[in-house]
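Here's a quick briefing to read with the model open beside you. Have a look first, then we'll go through the parts one by one.

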Amino acid sequence: MSGPSTYVPGSAFERWLDQRLPIMRLAHDSFLAFPTPRNLNYWYTFGGILSFALVVQIVTGIVLAMHYVPSISGAFASVQRIERDVPFGWLVQNIHSVGASMFFLAVYIHMLRGLYYGSYKAPREILWILGVVIYLLMMATAFMGYVLPWGQMSFWGATVITNLFSAIPVVGDPIKLWLLGGFATDNATLNRFFSLHYLLPFMIFGVVVLHIWALHVPGNNNPLGVDVKSPADTVPFHPYYTVKDAFAMAVFVLLFAAFVFYAPDSLGHPDNLIPANPLVTPAEIVPEWYLLPFYAILRAIPDKLGGVLAMFGSIGVLFILPWLDTSKVRSMRFRPLARWGFVLFVGVCLALGWCGGQLPDKAVYQSGRYVQTFEYRTAAGAIATGAISARTSAELERRAHAEEARIGAAMITMHASVAPFQIKVVQLSQMLTLYYFGFFLLLLPILGLIERPGRVPDTIAKAVLKDAATAERSA
Amino acid sequence: MRRGMLLILAAFCCSLAAPALAASEARHPHPQAWSFAKPLGTFDQASVQRGYQVYEEVCSACHSLSALSYRNLGDKGGPFAAYRAKNHETGAEEVRIGPSAHGGKFISPNDNPAVKAIAAKFDVSEIDGTTGDIVQRPARPADRFASPFVNEAAARAANGGAYPPDLSVITRARHGGADYIYALLTGYGEAPPPGVEEVPGKHYNPYFRGGWVAMAPQLTPDRVSFTDGSPSTPDQMARDVASFLEWAGDPKAELRKKMGVAVLGYLLALTLLLFFAYRQIWRGEKH
C-alpha cells in the first residue's frame, strides 16, 4: 500500500504468522495505519456504507435462497411463505428488497461525489473504471433479482429488457434466445436469472476488492483535489475514519430501518404483487426507481436500436470519462463553470428519473385546450356550427360522443380536432438526454480548455489550517 | 416463434405508448380512517373478525385466499387468536377468542377451538393412501384456505370469462390498498358519464380501472348477519372486509411496527453515541 509498512508484530505468534502469511500486516496497513487525507467530508463515507450494503444484501440473500423456490409455479407462493411462515422471514425479505434501493441510493451519491471532486482523474482512472464495472454488475444483479418474485413487473420487465437485445443487428436474436433460455420468458429464464443473481454479487465482491486495492495505491482523493504531500496532510484511517464512517453508517441505517419497518412496500410497484401472467400486459411497465433515468433515455430515442445504444452509451461514456475531462484541476470546488454544469447534470438525472416513470405521451406543458368544431342540423332544418374544447384528447373524445348522442349522429358532422402546443414527456426526455451526453462529450472537454479555475491550495494542511483560523476568528 | 416475438414487441410498444389508457384511468379512492393506517396503528380485531365473516359468506364463493392457512386466523395477532385465562369471578379456566386484554396463555392455532370450527366448515381433497383415490375430508387448521375453483379455467368459465383474483395480498397489489377495496365495494350504482359505452355483462364502477368490472355489486344490506350484532350495512361490511384483507395481506404488520420502535430507538442511541465518539476522537485534529 502507499508508503512503507508500519506494522510491528505484537506477539511471538504474530511474528510467526507474519513471516508466513502477512495478513495482519495487510489489515494493519490497509485499514488501521492507512494515511488518509484529513479533510474528507461526509460525502466520502459512502464507500464504507456501500461495503456494508453489499454484505447486507449477500447475507440476507443467502438466507432467502434457502427458502425461495425458483420455478414459475412456486416462486410467487414461496415469497409469500417466506413473509408469513419463515421465522422473521418478513424481516429478511424486507431488508433485502429495501436494501437494493438503499444500495443504489448510496452508489449514486458515491458516483456523483467522485464526479464532483474529480476522483476519476490521474492517477485514479482504473479505480473509477472498476467502480463503473461494479455499477454495471449491480444493475444486472438488481434487474435479475426483481424478476425472482415472479410478479407481473418481474415477468414483463424481464420480457421487455431481454427484448432490447434483439435490436442488435445479426447477433441480437441469438443473444436474446440465450438470455431467455427459450423463445419466451419462462421457467428457463427464471432459473438462469436465479443462478446469475446468486453469482453476480460475489463477482461484485471480487471487483470491490480490486476497487479498494486500486484506491490504496494512490490513496484517497479529497475535496480539495490536491495530492497528499506530507504526513501533516493525513491522519491514520483508524480511529479517525473508522469512527466517522461508523457515525455516517448509523445515520444511513436509520433511514434504511425506517423503510424496512414502516414502508417496506413503498419503493416497489404494487403490480409485482400480482402473480405473473403472460397473457395480461400491465397498464404500465416500469423498472425500479433506480433504473428509471436509463429507461427514460431508452424511450427518448424513437428508434429501437438507437434507444438501446443510447441507454448503454449513457453508462459506456462513464468508462472514458477520465479522458474526456481535459481540466488539470480535480475538484470542481475550484472550477466555477464546471460546477454549475455539474449541478445542472444532477438536476437532469433526477428529471430523467421522473420522465422514466411517466407515460411518454403525457404533456409536461400545454399551451391551451383541444378544440373540435362541428356542424349540425337544427330542429328548424338550418345548418349551425358548434365547438367543444377539453384539456385532454380523451376528454374531448368523450365530449364529442356526448354531443353526438345529444344531437343525433346522423345530424352532425365532426371536423378534425385541433391539438394545442404541447411538450410531451418524450420530448422533455430528449432534451434531458441531450444534456446528459453533452455534459460528458462537449462540456467537460471544452470547459477544461476555456475555464479559468480558482486558486487551488498548495497543500491540504495549509488549507485546513487556514479554514480553521478563519472559523476561529469569526467565532 | 414469429408470433411470440410480435406479441412481445407489441407489448413493448404498448409500454412505450400507452396514451389510450389515459381514458380509462380510475377514480382515486378516498382515504378512510383505518386504525392500522398510522405508523404505529394496530388492527381493529373486532372489525377483522367481522371482515372474515364477510369473506367466508360472500367473497369466498369466487375468490381464493391461497397464501393463508386456517391456522393463520389463530396466530398471535390474528383475529381468532385464543388465550386460556382464569375468570376472576367464577375462578374457572376459560378460553377467550380475540386479542387478549389481560394476558392469559396463548393456545396453539392447531388446538384453537374457533379456528378448528372454521376449518371444519370446508372440505379439502386429499389422496387416500390405501386406494389412491382423491377423497374429500373436512379441513384442519393446518390446511390452506379452500379455493372455490379447481383452476383458473374453471373460475373463468363460472364467471363469464373474468378471473376473480386471489385476495391473499390484494391490498398490497392495488394502488390505494384498503381504501381501494372499500371504494370499489361501495362504488357501484353511479351512472357512467355521457359518452362512455356500456359493456354488456359488466357493471360500472368508477374506481375500477377501465370503469367496467365483471363482479356484480355484492354487499347489499343484510347480506351478512354479523355474529356480534353490528349493523349489516354495505358500508360496515366493506369496511370490515377491507380490514380483514389488509390483515391477510400483511399479518406481520403489527409485529413489524412494534419491532421498528425498538430498532429505531436502539439505532438512534447508537448514532448519538457514535457522534460523540467522533467529536471526541477528532477533537485535537483540524479538518
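What covers the buried residues of helix 5 of chain B? Helix 6 (234–249) of chain B is part of that cover, with contact meaning heavy atoms within 4.5 Å. Before the details, some ground rules: this is a predicted model, where local features need pLDDT of at least 70 and side-chain atom pairs count only at pLDDT 80 or more, while totals for chains, interfaces and linings use all residues. Residues are numbered from 1 along each chain as its sequence is written, chains are lettered from A and ligands numbered from 1 in the order in which they are written, and side-chain values use heavy atoms, with hydrogens and water left out.

**Chain A overall**
- You get 17 helices and seven strands in chain A; these are DSSP runs numbered from the N terminus, helices being H or I with at least four residues and strands E with at least two.
- Along the principal axes, the C-alpha atoms of chain A fill a box of roughly 110 × 60 × 50 Å.
- Chain A has 475 residues, and 49% of them count as buried (under 20% relative accessible area, with a 1.4 Å probe and protein chains only).
- Among contacts in chain A with a separation of 6 or more, 77% come from residues 24 or more positions apart.

**The 5-4-6 sheet in chain A**
- Three strands make an open antiparallel sheet in the order 5-4-6 in chain A, where pairing takes at least two DSSP bridges between two strands.
- Strand 5 (383–390) and strand 6 (412–414) of chain A are its edges, each pairing on one side only.
- Strand 4 (residues 370–377) of chain A joins strand 5 of chain A through eight bridges in the antiparallel sense, and A:Y376 sits opposite A:A384 there.
- Helix 15 (residues 393–407) of chain A lies across strand 4, strand 5 and strand 6 of chain A, at about 150 degrees to strand 5 (axes are lines fitted to C-alpha atoms, for helices over the stretch in contact, and angles run from 0 to 180 degrees between N-to-C directions).

**Chain B close-ups**
- Strand 4 (residues 123–127) and strand 5 (residues 134–138) of chain B pair antiparallel over five bridges, with B:D123 opposite B:P138.
- Six residues lie between the strands of that hairpin, and B:G132 takes a positive phi near 80 degrees.
- Helix 5 (residues 177–186) of chain B has nine of its 10 residues buried, including B:Y180, B:I181 and B:Y182.

How values were computed:
Buried < 20%, exposed > 50% of the residue type's maximum accessible area, 1.4 Å probe, protein only.
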